[in-house]
Amino acid sequence: MTAPTKPTPMSDAPEIPEPAGEALHGPVIAWFDANARDLPWRRPDAGPWGVMVSEFMLQQTPVSRVLPVYEQWIARWPRPADLAKEAPGEAVRAWGRLGYPRRALRLHGAAVAITERHGGDVPTKHSQLLALPGIGEYTAAAVASFAYGQRHAVLDTNVRRVFARAVTGAQYPPNATTAAERKLARALLPQDERTASRWAAASMELGALVCTAKNENCARCPIAEQCAWQAAGKPAHQGPARRGQTYAGTDRQVRGKLLAVLREAVAPVPQASLDRVWDEPVQRARALDGLVSDGLVEPLPEGLYRLPLT
């Protein structure tokens, strides 16, 4: 019996000849056309701003939690200029309990820059997107690809997992994106712009719905027969232990409780009101100091606090 193929470490990702990449494109895009979720930011009327808002909100946050906040956000601020007119604290307030609220400040900062530099229209060039405050390589590539149909490698956690399994035979990608992964993503990218943008969305959806982190459904996968991980016998992860993020009892939880008080308040909040949400004073003070340092909370005289106005 032939021994199972040994998975290729992601750090030594193989060169992918174009025909091999093309063999993946067709099945995955066809699967996407038949199975893609009907999400508001994928609809034509969402426009580039809708795509950008969704990309900020979806970072480390599931679609089910994003949907109601996204709908409210777009209804209130349908264009970047609408958000730019508001105080940054209003963005934090509207962010609700999505988590990682600095994203709200960054999105507000991007809206201000778009209004000032680009006449209120989300720029079309990748370099212009990357120059906006709060936008990194992934978000710039995602907006350029999903909003404008351009050819960019879009590497989120779902895409990285699909590529790790299908091409390199590893159960999971490295904890942080590597140069080898970026090289592999570029090698797999279709030459045609429209096909490339569809491939980016399709491979992401495949990772979200089928090639999931747990309980992958290989029977539904359109490239199961080509998958290096399955061909190797689905070997278990060999790298460092993958630990889920904890929340209960962390500074993140305390920060969330403090922000909840400020979001619900219509006037500055006294220190005593914040003290009531968490008993441990040292951790509470550390969390509040962190919120102030991050620009999410503005301290006022006489021990009062509010969401930021500037």
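Analyst: A salt bridge is taken here as a side-chain nitrogen of Lys or Arg within 4 Å of a carboxyl oxygen of Asp or Glu. The model is predicted, so local features need pLDDT of at least 70 and side-chain atom pairs pLDDT 80 or more, whereas totals for chains, interfaces and linings use all residues. Residues are numbered from 1 along each chain as its sequence is written, and side-chain values use heavy atoms, without hydrogens or water.

The structure contains 15 salt bridges. One of them joins R79 to D121, with the closest N and O atoms 3.3 Å apart. R79 belongs to the loop between α3 (63–76) and α4 (80–84), and D121 to the loop between α6 (102–118) and α7 (126–130), so this pair ties together parts that are 42 residues apart in sequence. These elements are DSSP runs numbered from the N terminus: helices (H or I) of at least four residues and strands (E) of at least two. R79 is partly exposed at a relative accessible area of 39%, and D121 is partly exposed at 44%; on this scale buried means under 20%, exposed over 50% and partly exposed in between, with a 1.4 Å probe and protein chains only.

A second pair is K234 with E216, whose closest N and O atoms are 2.9 Å apart. K234 sits in the loop between α12 (228–231) and α13 (251–264), while E216 sits in the loop between α11 (193–209) and α12, so the bridge connects parts that are 18 residues apart in sequence. K234 is partly exposed, with 31% relative accessibility, and E216 is also partly exposed, at 22%.

Elsewhere, E298 and R306 meet through their side chains in a salt bridge of 2.8 Å, N to O, and R306 is partly exposed with a relative accessible area of 25%. E302 occupies the loop between β2 (298–300) and β3 (304–306). E302 is exposed, its relative accessible area being 78%. Its C-alpha atom is separated by 34 Å from that of W77, 225 residues away along the chain. Salt bridges also link R76, E86, E90 and R93 in a network.

Turning to helix packing, the axes of α2 (residues 47–58) and α6 come within 10 Å and cross at roughly 155 degrees. This makes α2 roughly antiparallel to α6. Axes are lines fitted to C-alpha atoms over the stretch in contact, with angles from 0 to 180 degrees between N-to-C directions; under 35 degrees is roughly parallel, over 145 roughly antiparallel, 65 to 115 roughly perpendicular and the rest oblique. On the α2 side W49, M52, V53, F56, M57 and L58 make the contact, and on the α6 side R103, R106, L107, A111 and I114 do, contact meaning heavy atoms within 4.5 Å. By class, this contact has 9 nonpolar, no polar and 2 charged residues.

The axes of α2 and α3 likewise come within 10 Å, crossing at roughly 140 degrees. The arrangement of α2 to α3 is therefore oblique. Here W49, G50, V53, S54, M57 and L58 of α2 meet V63, V66, V69, Y70, W73 and I74 of α3. That contact divides into 10 nonpolar, 2 polar and no charged residues. Nonpolar covers Ala, Val, Leu, Ile, Met, Phe, Trp, Tyr, Cys and Pro; charged covers Asp, Glu, Lys and Arg; the others, Gly among them, are polar.
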